[in-house]
Amino acid sequence: IQGGLAGLGLTSFLKPRVLSASEHSQRKFLFVFCEGGWDQCYLFAPLWGEGNISMEPNSQLGEIGGIRFVDSEAKPAVRGFLEEYHSRTCFINGIGVRSVAHDTCLRLIAAGTPSPECDDWGTLIASDRANRSVMPSVVLSGSSFAFHHSSAVTRMGINGQFASLLQTEDFRPNQLDLLEDQWVQDQQEKREAQGIRHRALQGKANKAENSIQSVQSLADELIFSNSSEESHLNVELNLAKVLLSSGATEIVSLQHKGAMNLGYDTHAANHLQGRNIQELFQCLHQFYQDVEVNHPELFENLTIVLFSEMGRHPVLNPQQGKTHWMHTSAVLIGSGIQGDTVVGEYDRDSLSQPVNLHSGLVDSSGLFLQPSHLGASLLHLAGVQQPELLQGVDPIWAALS
């Protein structure tokens, strides 16, 4: 809490950071991590007719706008979402993660490096905006990586913990009284301090007051019951909507553990992939419609990132599941995204193919997509200067409007 609230007036004694040009951007981000490794053959890779590919049962090619996808009656929510928002949606296929270990792949797709000493894309964006909101980045669930910029990240849950911890009566009088006492004592001892020091203390008091009022207002909204009638994903998306629309944060990260929290790591019972994707897009559709109607400013400025740390091997195993695969996809939706677009394809063996970053088409002289290309794209959308890790790495221009 202390680190995540570095932007509060209560820590305003810290030396302020010089504002960067990127802080003028109004774009906000919602990261949804699909834990375990989703199956590209259930959504992204229409590869019927190949003898070495186990496609989703009873599936067929779906084409809406410029997006081709694996369609089926088991997951109508995908078609429903794309019918309404295909012009704001881009699929990015064939991102190579070069590993089959969950932890390594997650760091790669989220931060571009297997090193544990890393900051994920959301943290890098948040660190560049640390003075703009109460909590620059909020993690509701799932993993996050914040090694160099941990003060920009706040982790919270869905059961009201945050509101309980930040009851204003617990700290407001003490903090404000302290500032007032400092000012009175200063006046008694040094009349001449009515100048610079007086204004500095008064500024700190005003900032603390404004920040506390923001927290108090936000806390009143963050009383959520985890109803058994709602999926965990729905609850977290509703909370994300409150946080982003209130201005309390600019980046929210959460995890989808799949239908009934069984996850995407389907070494057996691979048909659960369809249920997982159905729940993901059903909840996402409801969330996005609500944001469009009730929070139009957020709708116009929100970029949604759906991703998973790996894909699934294209062939079913004897347990009717699939093992890990070093190739995955991501979905970008909303602000700054070139809709009606599919970047990249999988070949007949469900392997990544080289892509022209400007056209998004398979090109033998192009590049194999890596997580760093995804990261460069997101940082470009946020107006954040690329870190040393991404120097020389271009964004996926075809995915950006």
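How many cavities of 30 Å³ or more does the count give? I looked this up first, in what is a predicted model. The count comes to two cavities of that size.

**Entry: the largest cavity.** I noted a volume of about 190 Å³ for the largest cavity. I then listed its lining, which consists of 19 residues. Those that lie nearest the centre of this cavity are F31, D120, S143, S253 and F307. I also looked up which elements give two or more residues to this lining, and found β1 (28-34), α2 (102-111), α3 (121-127), β5 (137-139) and β7 (251-256). Sorted by class, the lining of the largest cavity holds nine nonpolar residues, nine polar residues and one charged residue.

**Entry: the second largest pocket.** I recorded about 220 Å³ of space in the second largest pocket. Its lining is made of 14 residues, and R68, N93, V342, G344 and E345 are the ones nearest the centre. By class, I found eight nonpolar, four polar and two charged residues in the lining of this pocket.

**Entry: the chain as a whole.** I looked up the secondary structure and found ten helices and twelve strands in the protein chain. The chain has 401 residues, and 55% of them are buried. I next took the contacts between residues at least 6 apart in sequence; of these, 69% join residues at least 24 apart. Last, I noted the surface: the protein chain exposes about 17,500 Å², with carbon and sulfur atoms supplying 49% of that area.

How values were computed. Residues numbered from 1 in each chain as written. Predicted model: local features only at pLDDT ≥ 70, side-chain atom pairs only at ≥ 80, totals over all residues. Heavy atoms only, no water. 1 Å grid on protein atoms, 1.4 Å probe; cavity = no way out; pocket = protein on both sides within 12 Å on 5 of 7 lines; lining within 4 Å. Points joined across faces, edges and corners; volume = space filled by probe spheres on them. Helix = DSSP H or I, 4+ residues; strand = E, 2+ residues; numbered from the N terminus. Nonpolar A, V, L, I, M, F, W, Y, C, P; charged D, E, K, R; others polar. Buried < 20%, exposed > 50% of the residue type's maximum accessible area, 1.4 Å probe, protein only. Contact = heavy atoms within 4.5 Å. Areas by Shrake-Rupley, 256 points an atom, 1.4 Å probe, with all protein chains shown as cover.
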